[in-house]
Amino acid sequence: MEETRILLKNIGKINPVSSADYVAAGGYKGLKKAISNPEAIVDIMKDSGLRGRGGAGFPVGLKWSFTKGTPSDQKYIICNADEGEPGTNKDRILMSGDPHSLFEGMAIAGVAVGATKGFIYLRAEYPYLLPILNDAIKDAEAAGFIGKNILGSNLDFEIEIRSGAGAYICGDETALMESIEGKRGEPRYKPPFPGVSGLWGKPTIINNVETLCNVPQIIDKGAEWFRSIGTESCPGTKLFTLSGNINNPGVYEFPMGVNMRTLFKEVGGGCPGGKKLFAVQTGGASGAIINAEMLDMPMDIECCAKAGAVLGAGDLMFIDESINIIDVVENLIEFFVEESCGKCTPCREGNTRLLEFVHKFKDGTAREDDLERLIEIGSFMQVSSLCGLGQASPVPVLSAIKNFPDKFIVKSDERGQN
Amino acid sequence: MPKVYIDGTSIEVENGTTILEACEKIGVEIPTLCYLKHLNPAGSCRLCLVEVKGSRLLQTACTTPCAEGMEVTTMNQNIYNARKLVLELLLANHDDGCFSCPNNGKCDFARYCMDYDIEKSPFPRNKEFPPVDESGEFFTYDASKCILCRRCVRTCAELQCNNTYTLKGRGHETMVGLPFNQLFKTSNCVSCGNCVSVCPTGALSTKSGKKYRDWEIKKTQTTCPYCGVGCQIELHTKGNKVVGVEPLDGPANNNLLCVKGKFAYEFINHKDRLTKPMMRKGGKGSPLEEVSWDEAMSHIAEKMLAIKAESGPDSLAGFASARVTNEANYIFMKMMRAAVGTNNVDHCARLCHASTVAGLATTLGSGAMTNSISEVVDSDVILVSGSNTTETHPVIGAKMRQALLRGAKLIVAEPREIDLAKQAEIFLQIRPGTNVAFFNGMMNVVIEEDLLDKEYVENRTEGFEELKTLISEYTPEKVAEICNINAEDLRKAARLYAKAEKASIFYSMGVTQHSTGTAGVMCTSNLALLCGKIGKYGCGVNPLRGQNNVQGACDVGCLPGDYTAYQKVVNPDARAKFEKAWGVSLPDKPGLTITETIGAIESGDIRCLYVMGENPMLSDPDINHVEHALKKCEFLVVQDIFLTETAELADVVLPAGSYAETDGTFTNTERRVQLVCKAIEPVGDSREDWDIINELMDRLGYKNNFSSSSDILDELAGTSPSYGGYSFERLKKEQPQWPCPNKDHPGTPVLHIGKFSRGERAIFKPSPYIPAAELPDEEYPFVLTTGRVLYQYHTRTMTGKSEGLTNIMGTSFIEINPTDAGKLGIANSDKVKVASRRGEVTVEAHVTDKVAEGILFMPFHYKDGPANKLTNNVIDPIAKIPEYKVCAARLEKF
């Protein structure tokens, strides 16, 4: 099946550093339009129906309107490029192949809400992107697309890159801001939301790379064009990262609503060695693990949610029949134990307890009340943790218990002996 | 004003009110561990979870703001289970040796576990902990009792602003600790103990706390006896012994304390306390022997009456005390004036802020802090000169740092690179004794660059033209030369101060203790008036008073020229008023100051000196001279809690009760009158100060009608306009700042709003720069300046009894710049001999670039290596304050 290359249209075709190449391919037209009528931008974004591509799917126009409506001497645009979700590689592709589309999206956001400073918070594991981005920023500044007095408009928009230090939690928008501020990377409680009080307490728009890369073409071609792609509730395309037991792993662009089976079979080419698909984890490490029988699922935010899965950042990890699901769950919880920041009790203490219970299932020593306790702690973490990490980290194990109950065997006769 | 429903009860709250605060208002208790008033909420322990209708998640009550129509459920099975699980998860790794825990009986965590029916955690322990850090002098940290609420970390970072703690590790390995695995002893910890006070478990606990339990102690709310901040504290007593101090949420301290207030209470029940009256029965030269109160009192009365009869009332003098209560000072002053008949009464304010009282009374009409301590947090620019605030007024220093966290800018003009200097936007390391030039230079820039508040100057001041003429001479270049600073820095500082909306000046003895001290003080008000920064919130001229009740001792008339509330003895109306109130005729000439009294003893004009709670033998300048005089004094009575250096010379020594053993009031540096409450009975046979003086007055033939301190405050209020609104009953409920003329008056947080105390207009008093009286020369090539340290107080009569403080900073020292030290072959910790024209001492050298080349610094607290053997007793002509801050000295390796 043919990809719909809107975001990826320039990848591999232009010199990523060169703004001239980008302009030749139709770039920076959106920014020009935005500058000619900054007032209209937020409404266009609202009309487009674009939703955040980082995982939460929050309507972009609405988010921008909060920042626009909050008066302040200083506002910020942050690009969340801390692509830390295991099994997600899409932002890397965009930044390495078409960084100007990101700058353009950020600049448009800046013009829209009156922000003059942007930060790209770059994942520590992407050090090789740093020279590309820095060179591209210099090029864009020299060409007058960003920096002081952009395109002769008297508007300023500078972009600075800040590198992460390898913490998964700094993909959380508020932990990311703490990190930029030079503090320990830990999430803040909300409200206040970043749109009103974000970086250094100033109104801040924070969007994912893919989200921002969508902006230039929406402004250039209009909301209606954008809405003609994808589904009613989720217009546009989505970058999907296929990984795990799949013949053709990689990043692919399709309209929202593309069927998961299509992605597995036609794009991914099925499991290697002709093995049977057993399960799929959607939405990254903290996403649900669903049964292969649920493969016929249109991939947009609503449809995934209805099926108890998550669209997330568009990651799909395929798990074939040779894999023990308990091992998968163990591996994932170990990741969260490692990456919990330690701020709130449920996540800091809860993840280690989840792991202890999973070990019992692995050892075959689990009892009925261990299963109950595991579900109890997991459910508790989901509603009581401070941020998305602790709220979502029990999802893989809880979904696995729900979808593969026969894999969680308990010694029911020993219940209550302790 | 959103309206919310909490468990069905509707309540309207201010915008921004959290669910927790709303619950508090209607008496719904929510358990909390990480939450603490005055700290930014963290929302990290997750114990205060509640349900908000419409939310999938449970919400933390401490962080969630109330929104219109919000429906909150504070308890149901879901919430109970979630909170219980939070506690169980924490308890799993919490050492359960509660039996031996100092926090036993007051542990929030244990109480909540009990509330939620938890006896032991269902989870096994899965963490290892480092050994207990016992390296600090006063408290220990046991990580195995820590529940990671981070109150300590946040209190140290957000309130004390010392950043001693850090969080080590991530996730499950997260632990509270010190950076780079340091121990308390090697860290930057200042032992304030505010972390200990907020710890909800026994993880941080006082070393002394192991010996008593919460249920055994009595708690008494009172006022800290150390510096002038006036922190509210709770004294913990077991039997007749003080065993601990906890901070209270007083208006000045908001739950903070410093190392002295929190830990230096050992002196109260110290074995060296005076417990019996003593007399030299065999006359001068014979030993002090214990006698009965009756014998001591009749001897004193007899001698005083005899001397008065022979040489007149002015041959007697009294030193009141900046340490004792307003009531004790009032009755002491009344004894000297009404019973003896002399105005010879003074106290050590003469030695610290006499120039403030004289200077600000002249320019503004009131010689006290114009604004309140709490306002500093809201200042945009803070100018500190002549004050090492974080050491001498630690809680105010902490509040200045809180202001910096909120974005305020700091200007420091000091001879030493004090801790605050490191955080200053502009640090001007001025030469000691050049304050007047510095302030004149600031004003030169303000006028030159047209940064003055013209409307304010026009409408609210007089004398501007005269000021302008004088100031024009003080160009930044000239001042830079005098002060040894950079002219451009001076310009920047002036612009920063003048342009700020809210800018406050804080100063202390670095400005006042000069032969030009009064001029220095008037310069501070000149600058503030020029920029229109007096009579406004967050601004003002703020002298920081050194001792707990130095403000009060001045207010209640322990000054040779003033009755209470600065009513002048030379004013016939005032005199008539007191003659009527006291039923005697009163002398019409001002009496002698402390410094003049010492001279008058030498000349034989003063034959009897009564000292209540002062130690001039260490605190006065040129103590060789003081010693000579006191030895010569025909009859010296000392009333104190210890046998001080001064008491050792006395003919009669009377044992007084400490602040913990008396009722009364102290007035803090921001003019706030606060209660002192008796926590224990006077130790041994000691008696409360007011009670001793009351009986003595009776024996001198003047009968008071006082049966308690409260009666004395009532009389004081009746004769003193600014104190008219005070009574013990009222002060239990609120502590207004003077002027507080009547019982319905709310007090005065900011002076001079709309109108100055002296009248419609304040006056500029331009002062030329005059160099210090003694400048370095070939023989004495260094400038010696003196001051205080965080870990000691005054002449160490109280702090010297603290083992911990002695261990931290128990001996005198002298600071010398590395370049100077190199030239003299002096290494750090070497013993050096320091000499001035008045004497010499041997102390340890601290080689540090805190002081500039050519400058030496010594603390004045110590008996071994007393700085005041060296200081110059030349005095300011107006305020009679000695020039402690500058004398010429030389030093050599011992």
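Between which helix and which strand of chain A is Pro192(A) found?

Modeller: Pro192(A) is found in the loop between helix H8 (173–180) and strand S4 (204–208) of chain A, where helices (H or I, at least four residues) and strands (E, at least two) are DSSP runs, numbered from the N terminus. Before going further, please note that residues are numbered from 1 along each chain as its sequence is written, while chains are lettered from A and ligands numbered from 1 in the order in which they are written. This is a predicted model, in which local features need pLDDT of at least 70, side-chain atom pairs count only at pLDDT 80 or more, and totals for chains, interfaces and linings use all residues; side-chain values use heavy atoms, with hydrogens and water left out.

Most peptide bonds are trans, and most residues other than glycine have a negative phi. Chain B also has a cis peptide bond, between Trp738(B) and Pro739(B), with omega about 0°, and Pro739(B) lies in the loop between helix H28 (728–733) and strand S28 (762–763) of chain B. As for phi, Asn149(A) is not a glycine, yet its phi is positive, about 50°; Asn149(A) sits in the loop between helix H7 (129–142) and strand S3 (158–163) of chain A.

Further along chain A there is an open sheet of five strands in the order S6-S5-S9-S7-S8, with mixed pairing, where two strands pair if DSSP finds at least two bridges between them. At its edges stand strand S6 (250–255) and strand S8 (289–291) of chain A, each pairing on one side only, and the twist from one strand to the next averages 30°. Strand S5 (residues 237–244) of chain A runs antiparallel to S6(A) and is joined to it by six bridges, with Thr241(A) opposite Val251(A). Across strand S7 (277–282) and S8 of chain A lies helix H17 (residues 395–403), which runs at about 15° to S8(A); axes here are lines fitted to C-alpha atoms, for helices over the stretch in contact, and angles run from 0 to 180 degrees between N-to-C directions.

Let us turn to the place where the two chains meet. The contact (heavy atoms within 4.5 Å) takes 32 residues from chain A and 35 residues from chain B. Together the chains bury about 2,700 Å², 54% of it on carbon and sulfur atoms, and Arg46(B), Leu89(B) and Arg170(B) supply 23% of the area that chain B buries against chain A, more than any other three residues. Buried area is the accessible area (1.4 Å probe) that two parts lose on being put together, summed over both. Three salt bridges are counted between the chains, each a side-chain nitrogen of Lys or Arg within 4 Å of a carboxyl oxygen of Asp or Glu; one of them joins the side chains of Glu186(A) and Arg150(B) at 2.7 Å, N to O. On the side of chain B that touches chain A, helix H2 (77–92) and strand S7 (166–168) of chain B are the elements that give two or more residues, and H2(B) provides the largest share, seven residues. The residues of that side divide into 19 nonpolar, nine polar and seven charged, where Ala, Val, Leu, Ile, Met, Phe, Trp, Tyr, Cys and Pro count as nonpolar, Asp, Glu, Lys and Arg as charged, and the others, Gly among them, as polar.

Chain B has some strand pairs of its own. Strand S1 (residues 3–6) and strand S2 (residues 9–12) of chain B run antiparallel and are joined by four bridges, with Lys3(B) opposite Glu12(B). They form a hairpin with two residues between them, and Asp7(B) in the turn has a positive phi of about 50°. Another hairpin is made by S3(B) and S4(B), with five residues between them, and here Gly54(B) in the turn has a positive phi of about 100°. Finally, an open sheet of three strands in chain B has the order S10-S11-S12, with antiparallel pairing. Strand S10 (218–223) and strand S12 (241–247) of chain B stand at its edges with a single partner strand each, so one side of each is left without a neighbour in the sheet.
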